[in-house]
Amino acid sequence: MSNDSTSFNRRTMLKSLTAGAIYSIAAPNIVQAKSSMSPADFPSISEDVSPQSLAINESFWARVAPFYDTAQGIVNLEHGYWGKMSRPVQEDFVTNTRKVNTELSYYARKHYADDQIISSNKVAAALGAKNEELVLTRNATESIHNLIRQYNALGQNDAVLYTDIDYPSFKETMQWLATSRNIEAVKVVLPAQADQKQILDTYIEAFDKHPNLKLMLLTHVSNQHGLVLPVAKISAIAKLRGIDVICDCAQSWGLLDFNINDLNVDWAGFNLHKWIGSPVGVGALYMKNGSLNKISPYPGESDPDNTKTSARVHTATVNFASILTIPAAIDFHQRIGGKNKEARLRHLRALWVNEAKKMPHIEVLGALDDESSSGMGAFRLKGKTSLQDAQALQKRLENEFGVFTVVRVGLDSGCCIRVTPQVFTSANDISQLVLALKNLA
Ligand SMILES: Cc1ncc(COP(=O)(O)O)c(C=O)c1O
């Protein structure tokens with residue numbers, strides 16, 4: 001978003017800061033596409049260029065940015081909620097909406113089932129899963145809630161495990177599972193800053209301490225501070241100890257580039273409306289072949305031989321157009337390249353985190369090493385851990401410095417501000433955050 005208007009905002013902000021004035025931000029207004037961007041306009045990516053070199057090439061990313069509608073007036077660093085569709089995807093979605101709305105039930109009853117299979121298979125292929133291992137859902141919550149609720153292998157003295165960095169609703173669902181089966185729920189607290197070894201050691205310690213664990217929730221990328229967990233390693237150890245793993249990949253797919261087999265898990269829930277850039281309302285549930293017996297069919301669905309992943313959800317009427325737009329979203333994601341996207345987003349996090357770590361008044365949360373880091377990050381003012389502290393900080397960033405972020409409340413170490421750039425975020429946008437961080441002292 002480094003364009004004339006943004007530089008104007010920066011100058012205004014700098015002037016306001018010098019004058020000690022409060023910087024007031026107008027509500028973002030949308031800059032409509034002057035003309036649609038065709039795939040032919042997409043900057044070419046030479047095979048010789050590594051994702052790391054491309055990540056620091058501002059002019060390349062400045063040519064990717066026009067593929068997205070731009071909202072001016074504020075630097076939005078809260079892209080962890082859901083992902084903006086690129087223009088080609090948005091256009092496909094509009095076309096699909098029009099088609100469904102025109103053809104209505106005639107289309108839905110006669111042709112949607114076939115189109116839905118095409119979309120589902122496209123997701124399976126992109127994830128490296130087999131077609132029958134995947135079913136589309138409306139979001140990751142639907143996928144993970146069904147896995148937790150329909151888990152049927154708990155005995156009398158078993159226990160289930162989750163951690164403070166897991167998604168708040170899923171922690172509650174794990175707690176509900178334990179309460180409803182009258183068994184123990186073990187809550188583990190991960191360090192506020194951690195590397196891969198510390199994370200793994202924390203899980204192993206919990207496994208040692210609770211030999212009766214039967215099921216665990218494992219989050220690939222935390223929604224709190226973007227910490228990346230060593231899922232494959234944790235899962236391998238869990239499996240050896242007879243602990244089943246439900247993996248939450250809601251925030252990870254597209255933010256990180258991976259194949260489902262890299263994770264070594266039997267069950268996982270995904271979102272496409274975050275980092276794959278589909279319209280809102282698209283998630284997926286993965287269940288490895290041969291793993292269905294411990295997850296009962298959705299109430300009322302029949303699958304006596306435990307072979308149908310599709311029997312684990314009952315989604316009913318969906319936004320048909322969102323589902324039809326999946327192939328366009330995956331194509332655009334792959335055009336950027338999963339590895340390029342991951343490297344660029346990591347680079348954008350490093351740009352502010354490396355500066356923030358030098359500031360004595362800031363506490364950066366989450367990753368201590370590269371493997372534990374993603375494009376998402378979080379921080380707080382040192383010692384300011386309450387909800388009121390975090391809310392006041394979010395307001396200051398928005399109203400005084402023109403940077404939009406979000407408060408997260410799930411960590412045991414306290415509340416924080418989450419910072420999440422997107423592929424159309426520029427290094428200049430990040431320097432606006434860095435300037436704000438300096439001025440928070
Ligand atoms: C780690 C994680 N899990 C689950 C979810 C839930 O995603 P959704 O609301 O799309 O189901 C989110 C959303 O932010 C998330 O970050």
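**Close-up views of a predicted model**

**View 1. The buried residues of helix 6 pack against strand 4, helix 7, strand 8, strand 9 (244-249), strand 10 and strand 11.** This is a predicted model, in which local features need pLDDT of at least 70 and side-chain atom pairs count only at pLDDT 80 or more, while totals for chains, interfaces and linings use all residues. Residues are numbered from 1 along each chain as its sequence is written, and side-chain values use heavy atoms, with hydrogens and water left out. Helices (H or I, at least four residues) and strands (E, at least two) are DSSP runs, numbered from the N terminus. Packing here rests on contact, meaning heavy atoms within 4.5 Å. Buried means under 20% relative accessible area, exposed means over 50%, and partly exposed lies in between (1.4 Å probe, protein chains only). The buried residues are A140, E142, S143, I144, H145, N146, L147 and I148. At the start of helix 6, a side-chain oxygen of N139 comes within 3.2 Å of the backbone nitrogen of T141. Such a polar contact is a pair of N or O atoms within 3.5 Å; within protein, one must be able to donate a hydrogen and the other to accept it, and residues adjacent in sequence count only if both atoms are side-chain atoms.

**View 2. The ligand is surrounded by 13 residues.** The closest are T141, D248, Q251, H273 and K274. The shell divides into 5 nonpolar, 6 polar and 2 charged residues. In this count Ala, Val, Leu, Ile, Met, Phe, Trp, Tyr, Cys and Pro are nonpolar, Asp, Glu, Lys and Arg are charged, and the others, Gly among them, are polar. An N or O atom in the side chain of T141 is 2.5 Å from an oxygen atom of the ligand. For Q251, a polar side-chain atom lies 2.8 Å from a ligand oxygen atom. A backbone N or O atom of A140 is 3.4 Å from an oxygen atom of the ligand. On its own the ligand has 390 Å² of accessible area, and the protein covers 88% of this. Accessible areas come from the Shrake-Rupley method with a 1.4 Å probe; for residues, only the protein chains shown count as cover.

**View 3. Strand 11 (residues 283-287) is largely enclosed by the rest of the structure, because 5 of its 5 residues are buried.** In a regular strand the side chains alternate between the two faces of the sheet. In strand 11, G283, L285 and M287 point one way, and A284 and Y286 the other way. Strand 11 pairs with strand 4 in the antiparallel sense over 4 bridges; two strands pair if DSSP finds at least two bridges between them. T137 has G283 as its bridge partner in strand 11. Strand 10 (residues 267-271) also pairs with strand 11, in the antiparallel sense and over 5 bridges. Here F270 has A284 as its bridge partner.

**View 4. An open sheet of 5 strands runs in the order 7-12-13-16-15, with mixed pairing.** Strand 7 (193-194) and strand 15 (406-408) stand at the edges, each with a single partner strand, so one side of each has no neighbour in the sheet. Strand 7 pairs with strand 12 (residues 362-367) in the parallel sense over 2 bridges. A194 stands opposite A367 in strand 12.

**View 5. Helix 12 (residues 326-336) has I326, P327, A329, I330, F332, H333 and I336 buried.** An α-helix has 3.6 residues a turn, so residues three or four places apart point the same way. The buried residues of helix 12 pack against several elements, including helix 3 (58-64), helix 4 (87-110) and helix 13 (338-356). P88 is found in helix 4. Leaving aside its neighbours within four places in sequence, P88 is in contact with M37, F67 and F332. Just after helix 12, G337 takes a positive phi of about 100 degrees.

**View 6. N182 has a positive phi of about 60 degrees although it is not a glycine.** N182 lies in the loop between helix 7 (168-180) and strand 6 (184-188). This residue counts as exposed, because its relative accessibility is 67%. L104, found in helix 4, has a positive phi of about 50 degrees and is not a glycine either.

How values were computed:
A residue is near a molecule or strand if one of its heavy atoms lies within 4 Å of it.
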